[in-house]
Structure formats: structure tokens, C-alpha cells
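Dear colleague,

Please find the structure below, handed over for your work. My findings follow directly after it.

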Amino acid sequence: MTQNRPVIPLEEGWARMKAGMDILKRILDDEPGVSFTSEQYISLYTTIYDMCTQKPPNDYSQELYEKYRGDLDKYITSTVLPSLREKHGEFLLREMVLRWKNHKVMVRWLTRFFHYLDRYFISRKSLMPLKEVGYDSFFTLVFEELKATVTTILIAMIDQDREGQIIDRPLVKSVLDIYIELKSELYEKDFEDAFVQGTIDYYSKKAQTWIVEDTCPEYMLKAEECLQKEKERVTHYLRSSTEPRLMEAAQAELLARHIDQILNKENSGCKVLLCDEKVEDLSRMFRLFSRIKDGLPPVSKTFQEHVNEVGMSMLKQAIDAATSKKSEKKDVVTGLELDYVRKVLDLHDKYMAYVISCFQSHTLFHKALKEAFEVVCNKDVAGCTSAELFASYCDSILRKGGTEKLSDEAIEENLDKVVKLLTYISDKDLFIEFHRKKLGRRLLFDKSGNDEQERSLLSKLKQYFGGQFTSKMEGMLTDVALAKDNQSKYEAFISNNPELNPSVDLSVQVLTTGYWPTYKSSEMNLPSEMVKCVEVFKQFYQSITKHRKMNWIYSLGNCNIVGKFDAKPIELVVTTYQGALLLLFNEAEKLSFSEIVTQLKLSEDDTVRVLHSLSCAKYKILNKEPSGRTISPKDVFEFNHKFTDKMRRIKVQLPPSDEKKKVIDDVNKDRRFAIDAALVRIMKSRKIMTHQNLVAECVEQLSRMFKPDIKMIKRRIEDLITREYLERDKDSANSYRYLA
């Protein structure tokens with residue numbers, strides 16, 4: 001037999017609930033000895049269950065839902081709000097945290113009692129859940145009234161924290177958690193917006209004071225410390241989502257608004273830091289300005305200007321030193337110019353270290369360094385181009401007995417530095433030609449210190465500029481290696497054919513035309529001893545190859561002859577020209593200038609140079625009549641039997657010829673061919689182009705090798721039109737058409 005439950009009237013049921021809620025309030029007020037028993041909890045839960053499951057009209061679900069909110073509102077109005085309104089400052093925040101904590105406990109207990117209502121009635125009617133109703137009650141009655149006051153107190157406490165005062169950080173975090181727990185958007189709307197504005201106001205005042213009072217390093221140190229503390233502040237009590245806005249606001253006030261004043265601060269700005277080599281301060285400047293939009297370009301610009309100024313000052317010193325020396329050897333690279341190259345290399349090392357360490361290898365600073373050095377490295381020093389200077393510096397490193405006494409590791413390191421600087425010069429092809437010329441002299445006169453180092457430099461050049469720059473020089477090194485092999489074969493050939501044995505030892509370098517620079521080749525009457533050697537070598541060479549024609553370049557030869565002077569015989573190391581001329585005096589005591597020219601069949605210019613070296617220079621092996629420092633066609637020469645020297649072996653130097661002009665002429669000739677090839681290549685692919693576009697594309701294609709002269713390009717276009725590679729477009733006078 002089913003027993004019907006007695007109906008619980010609304011007033012009776014709610015009276016039971018109010019009694020339970022009163023116990024809960026006493027517990028929250030920390031009244032001693034008050035707690036819920038399990039029987040009380042079950043009784044309250046059952047009361048709600050029964051009142052919600054009674055048949056209409058006794059189903060009081062709607063009424064209970066309304067009374068739940070009403071009683072919470074009443075409790076807040078009568079108890080919570082009065083206790084909050086009488087508090088101020090931190091005390092208000094502490095009371096707020098306590099009341100919110102109690103409110104959450106009350107809501108949690110009540111939602112347990114009202115669980116059935118929450119689960120069925122509220123769900124079915126799509127009403128606000130009881131927990132949300134409880135939170136909304138606190139939000140509407142407490143938060144809405146006090147939020148402005150609480151936010152102001154919080155910002156004031158954070159400003160105290162910024163000033164170094166000790167504040168209750170956990171309290172700040174607990175209050176901010178209320179914003180988030182009530183409604184997540186409240187934190188941003190009611191706190192973060194005001195807080196960010198407060199941050200702007202705070203740092204605006206600070207920056208205005210510091211920018212006047214402090215040096216640039218002091219200001220940056222303070223700014224960095226402030227920004228670091230703001231980041232820490234986020235971890236201590238702010239929401240992580242606040243960090244981007246907070247940092248942006250602080251950085252804008254401390255850095256972005258004062259960027260020019262900081263960088264150009266008198267006696268302590270960026271340029272002063274660079275001059276004084278304040279590496280740590282420069283690193284800090286980079287760290288700070290990399291945080292803000294468009295912060296780095298002004299720093300990199302200042303860096304570029306400084307590097308440019310230092311480089312140009314160094315250049316002026318080098319030019320002044322070269323001018324004051326007033327060297328008679330004009331247009332010849334001297335120790336002063338080589339010292340300038342060393343200083344440029346050191347300067348580049350120094351500022352590359354700044355780029356890497358202070359500026360964290362940022363592309364802006366690499367670009368700034370490149371552009372600054374492009375200006376410095378494309379200036380002439382005392383009539384010498386950078387291309388010639390760098391080639392001479394490489395020569396001084398790689399040549400036996402060169403001015404640079406370096407270890408193998410140091411040589412490699414210096415070659416690396418030179419190649420990096422070569423990327424800045426516009427006339428790379430001019431460097432290559434100067435280097436090829438000097439490489440040729442090192443190889444031909446056995447002055448190269450180390451073949452491996454020669455090949456290492458070519459490998460570096462090839463890596464940076466491409467194989468077309470180095471192919472000829474690689475061929476030169478191959479020729480020298482083959483020459484050593486041929487010499488061994490020649491010596492074997494002589495020993496196997498004793499009847500051919502010449503009276504003089506001969507060593508020959510066979511050079512492949514095209515690899516080597518063009519050398520002056522002039523026929524001359526060789527002494528009989530030399531003639532026999534040449535004939536024997538020709539016979540040997542024809543035995544190993546029959547398809548090559550040999551041209552003898554006597555201007556590059558040298559020989560050892562013994563001068564039988566009255567005091568003692570002395571071995572003379574001379575050029576082939578000098579040797580041939582001296583051997584004429586075996587047949588005659590005196591010879592006139594014209595007789596020497598006739599017998600040797602040398603040009604007058606070459607004869608003047610040779611005679612000057614033998615009669616007017618350091619060693620006076622020949623006596624000249626009349627005496628003097630210049631050679632004239634009327635002079636007469638005789639062997640100086642009284643000549644002597646403390647050495648038993650001396651080298652008689654021949655005055656250097658002006659190779660520089662020839663190198664430049666050769667390069668200009670090659671450039672004309674390169675421009676022709678580029679123009680034809682471009683027009684072949686495009687068929688028709690305007691003059692402006694053709695010139696621009698030609699410059700772009702050739703700039704990797706050299707900076708083409710626009711006037712020369714125009715002349716080459718006209719030449720190609722004359723040679724019928726191109727024609728002017730009939731429809732457009734400013735355009736060209738390719739002729740297949």
C-alpha cells in the first residue's frame with residue numbers, strides 16, 4: 001500500500017530553509033561551535049526535493065528560485081555592503097576579499113541544498129543556474145557600486161610598488177581574481193583599461209624627469225629596470241594577457257616618445273657610446289630599441305654614420321701621410337698604403353664584433369656596416385685604388401720575404417678578411433687583374449710562399465664571386481706545377497743526349513696564353529751561350545708536344561753571371577736583358593748607346609732602363625761618360641773593373657715599368673667586351689627594350705664584377721648598332737630591337 005507524502009506548504013518549507021541559511025551565516029561569521037550535521041544537510045536537501053516534486057499547485061520550484069535570489073540580495077544589502085562601506089584603502093580590499101570568499105562558500109552550500117532545483121527545473125526552463133545567480137547578486141549589489149573605488153586603490157598600490165615601497169602583492173592578486181571570477185571581461189573592462197592608462201601617466205612623468213636629469217646610459221638602465229619589473233609584476237599579480245598592453249604602454253612612454261632625445265643626448269648619446277666603446281651600453285640600447293616599432297633604424301643610421309666618419313678620418317690620415325712623404329715613386333703602393341689596408345681590416349673586425357655582440361647580428365646593422373665600408377673602400381689613397389691596395393696587401397702576405405711576417409693561421413685569417421672587404425668594392429675585376437699580375441710575378445720568380453695558400457685565396461674568391469673570376473689564375477697555378485714536371489723531363493732529356501749538353505743551366509716556365517697577363521714580348525739578339533740553351537729546349541719541347549707554338553718572353557727571364565772584377569769575382573743576379581747587355585763587354589771594352597741598341601736589337605726605352613740599372617743605380621757595374629743620373633743616346637759605357645762589394649753575390653734590380661697603366665687599360669678593354677656581351681644577352685632574350693630599361697638591366701647584371709660607366713654603355717650600344725647587332729625601333733626612337 002503506497003503512502004502519500006504530506007504536502008509541505010511554501011511558508012513552512014522556506015522557514016526550514018531560512019533556519020539552515022542562518023546556521024550557514026553563523027558559520028561564515030566564525031561563530032564557535034556552529035556546524036552542519038549530516039542529518040541537517042539531508043533534511044534541507046529533502047525539503048527542497050519534496051517542494052519541487054509536489055503536484056501542482058503545490059510545486060514551488062519557481063517560488064524557491066525567486067526566494068533564493070531574494071534572500072541572497074537581502075543578506076548582501078543588510079550585512080555585506082555596510083561592512084564594506086565603512087572601510088577604506090587596503091582595509092576595503094581585505095574586507096572585499098573576505099566577503100567574496102564567504103559569498104562563494106554560501107553559494108556553494110546553497111547550490112548543494114537546491115541541487116534538485118538546479119538540475120531539473122532550471123535546466124528545463126533555461127534559467128540562469130543558481131551559482132551564476134549567486135555571483136550575479138554580488139556583482140550587481142557590491143561590485144558595481146565599489147569597482148571604481150577598488151580599481152583606484154589597486155592602481156595606487158601598484159604605483160607604490162613601482163616606487164619601491166612594500167605592498168601586499170597577494171592581496172592585489174586576490175582582489176583582481178574577484179574581477180575574473182565574477183566575469184572574465186570585467187578584468188579588462190573595469191581594471192586593465194584604467195591600469196594601462198595609469199601606467200602611461202606614471203611613466204610619462206618619470207620619463208620627462210629622467211630625460212633631463214640623466215645621461216643616456218643612466219636613462220636606459222632605469223628604463224630597462226622598469227620594463228623588467230613590469231614583466232615581473234605580471235607574474236606576481238596580473239593576468240598574463242595584460243603583459244602585451246602593459247609593456248607596449250611602458251615602452252611607448254619610456255622609449256618611443258623620446259627616441260631622438262635618448263640617441264642624441266649631449267655628451268652621452270649613441271655616437272658618444274660608439275666613440276667611447278661602451279659595449280654594454282650599446283647592447284642595452286639594442287635590447288631596448290628592438291622592443292619598439294621603428295626603434296632600430298635610427299640606431300643603425302647613427303652606427304653607419306659613425307663607422308663612415310671613423311673610416312673617412314683614417315683615409316684622410318693615410319692620404320696626408322702619403323702626401324707628406326712626397327715619395328718619388330708616384331702611383332706605387334708603399335708601406336704607408338699597406339698600413340692603411342691593415343687599419344681598414346682591423347676597423348672592419350672591430351665594428352663587425354659590434355654588429356655580432358652588441359647588435360645581435362641584426363640585418364639592419366649588417367647593412368649599415370656594409371654601406372659605410374662601401375664608401376670607405378671605394379676611395380683612392382694617394383693615387384692608388386682600393387683594388388690595387390688590396391691586391392698589394394695580398395701580395396705582401398703571400399710573397400716570400402714580404403712585409404707581413406705571419407703564421408699560416410694568421411695568413412688564412414687575413415685572406416678571409418680581405419675577401420670580405422672585397423665584397424664592398426665596386427671594381428672587383430680591377431682587383432682580380434692586379435692580383436693576377438702580382439700572382440704571375442710571384443709564381444714566375446719563385447716568390448710565392450705557399451701554393452696551398454695561393455689556392456686557398458682563389459677558393460675564397462671563387463666562393464664569393466664565382467668561377468669566372470678565378471679560372472685564369474687556377475690555370476696559372478696548374479702551369480707552374482706542370483713546369484716543375486717539365487723541368488725534370490728536360491734534365492732527363494739532356495742527360496740522355498750528352499751531345500746536346502749546353503754550357504749553361506736553363507730553367508723554363510711554359511705559360512698557357514690566355515691564363516697569364518699579357519707580357520711585353522720583344523725579340524732581341526741573345527748571347528751565343530743563351531742561344532744554344534734555347535735551341536736545346538725547343539728540341540726537347542717538340543719531342544713531348546708538336547702542336548704548340550712557343551713565343552719566348554725574355555723580359556721575364558733572369559740569369560746568374562759572374563763578373564770578374566779586379567778585387568774579386570762577384571756573382572750577379574740580373575734579368576735576361578741585363579745579362580745579355582753585360583755579356584757584350586766580353587767582346588769590347590767600350591760601347592756607345594747606339595752600338596748597344598744595334599747589337600741587342602732592344603728598343604731604346606728598354607735599353608735606357610737596363611743601362612740605368614747598371615750604371616746609375618745602386619751598383620755601378622758600368623762606367624758612363626759623361627757621368628750623371630740620366631741616360632742619353634750620346635753616352636758611352638765601359639766595364640767597371642774596379643767595382644767591388646762586400647757581398648760575393650748581389651742582385652741588380654731593374655727599375656719597374658709602369659704596369660699600373662697597362663692593368664687599367666686591360667681591364668677597360670675587358671669591360672667593353674663584358675658590356676657588349678651583357679647587352680646582346682639581354683636583347684636576345686627581350687627582343688625589344690627601351691634605352692632606359694636596357695641600361696638599367698645591363699648595370700644590374702654587371703655590378704657583381706664592376707660598376708659600369710653609363711657613358712661607356714651608351715657608346716657600346718652605338719657600336720652594336722653599327723655592327724648590326726641592334727637597331728633603333730622605327731616606331732619608338734627611344735627603343736632598340738634585336739637583330740637575329
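**Sheet and cores**

Strand β2 (residues 569–575) runs antiparallel to β1, and seven bridges join the two. Within this pairing, lysine 564 has proline 569 of β2 as its bridge partner. Please note that this is a predicted model.

β1 and β2 belong to an open sheet of three strands, ordered β1-β2-β6, with mixed pairing. The edges are taken by β1 (558–564) and β6 (649–651); each has a single partner strand, so one side of each is left without a neighbour in the sheet. On average, neighbouring strands of this sheet are turned by 25° against each other, direction ignored. Helix α23 (residues 576–583) packs on the sheet, where it touches β1 and β2. The direction of helix α23 makes about 130° with that of β2.

I turn next to the nonpolar cores. The largest of them has 91 residues, and Leu254, Phe289, Phe303 and Phe431 are those with the most contacts inside it. Helix α15 (residues 335–358) gives the most to this core, contributing 10 residues. Another core, of 68 residues, lies apart from it and has Ile23, Leu72, Val142 and Leu154 among its members.

Which residues does phenylalanine 431 touch, not counting residues up to four places away in sequence? They are Ala387, Phe390, Ala391, Cys394, Leu422, Ile425 and Leu461.

With kind regards

Methods. Residues numbered from 1 in each chain as written. Predicted model: local features only at pLDDT ≥ 70, side-chain atom pairs only at ≥ 80, totals over all residues. Heavy atoms only, no water. Core = buried A, V, L, I, M, F, W, Y, C linked by side-chain atoms within 4.5 Å. Buried < 20%, exposed > 50% of the residue type's maximum accessible area, 1.4 Å probe, protein only. Helix = DSSP H or I, 4+ residues; strand = E, 2+ residues; numbered from the N terminus. Contact = heavy atoms within 4.5 Å. Pairing = 2+ DSSP bridges. Axes fitted to C-alpha atoms, helices over the stretch in contact; angles between N-to-C directions.
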